[in-house]
Amino acid sequence: MTSEQLLAEIREANLTYLMLAQTLIRQDKAEAVFRLGLNEDAADILASLSAAQVLKLASRNTLLCGFRVDDNLVWSLLTNHNTPRKSIN
């Protein structure tokens with residue numbers, strides 16, 4: 001994947017994330033704040049963005065969303081990493 005292709009993928013991910021965030025916030029703000037990991041002020045700003053503003057924000061070369069899981073223990077639990085699996089007989 002070339003650098004330009006990677007940047008295009010980031011911009012597409014940004015646009016998808018922003019559109020999803022706006023939809024969630026407009027449907028149920030409290031649930032969106034929880035699911036997206038935003039504070040209410042950020043949710044209000046996202047909900048009020050025009051289509052042009054969303055497109056401009058999405059066109060950045062920096063990924064706007066990120067993983068909230070930053071603990072190795074949590075990753076291990078989520079992925080069952082390093083956990084021996086028992087066979088069912």
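Reply: Helix 1 supplies 3 residues to the lining of the largest pocket, the largest share. The model is predicted, with pLDDT of at least 70 required for local features and 80 or more for side-chain atom pairs, while totals for chains, interfaces and linings use all residues. Residues are numbered from 1 along each chain as its sequence is written, and side-chain values use heavy atoms, without hydrogens and water.

Helices here are DSSP runs of H or I with at least four residues, strands are runs of E with at least two, and both are numbered from the N terminus. A pocket is an open set of points on a 1 Å grid over the protein atoms alone, where a 1.4 Å probe fits, with protein on both sides within 12 Å along at least five of seven lines; lining residues have an atom within 4 Å of a point.

The largest pocket holds about 250 Å³ of space, a volume being the space filled by probe spheres set on grid points joined across faces, edges and corners. It is lined by 14 residues, and Tyr 17, Leu 36, Leu 38, Leu 64 and Cys 65 are the closest to its centre. Helix 2 and helix 3, like helix 1, each supply at least two lining residues. The lining divides into 10 nonpolar, 2 polar and 2 charged residues (nonpolar: Ala, Val, Leu, Ile, Met, Phe, Trp, Tyr, Cys and Pro; charged: Asp, Glu, Lys and Arg; polar: the others, Gly among them).

The three helices also meet each other. The axes of helix 1 and helix 2 (residues 29–36) come within 6 Å and cross at roughly 140 degrees, which makes helix 1 oblique to helix 2. Axes are lines fitted to C-alpha atoms, for helices over the stretch in contact, and angles between N-to-C directions run from 0 to 180 degrees; under 35 is roughly parallel, over 145 roughly antiparallel, 65 to 115 roughly perpendicular and the rest oblique. On the helix 1 side of this contact (heavy atoms within 4.5 Å) are Tyr 17, Ala 21, Leu 24, Ile 25 and Gln 27, and helix 2 brings Lys 29, Ala 32 and Leu 36. These are 6 nonpolar, 1 polar and 1 charged residues.

Helix 1 (residues 3–27) and helix 3 (residues 40–48) have axes that come within 9 Å and cross at roughly 110 degrees, so helix 1 is roughly perpendicular to helix 3. Leu 18, Ala 21, Gln 22, Ile 25 and Arg 26 of helix 1 meet Ala 43, Leu 46 and Ala 47 of helix 3. The classes in this contact are 6 nonpolar, 1 polar and 1 charged.
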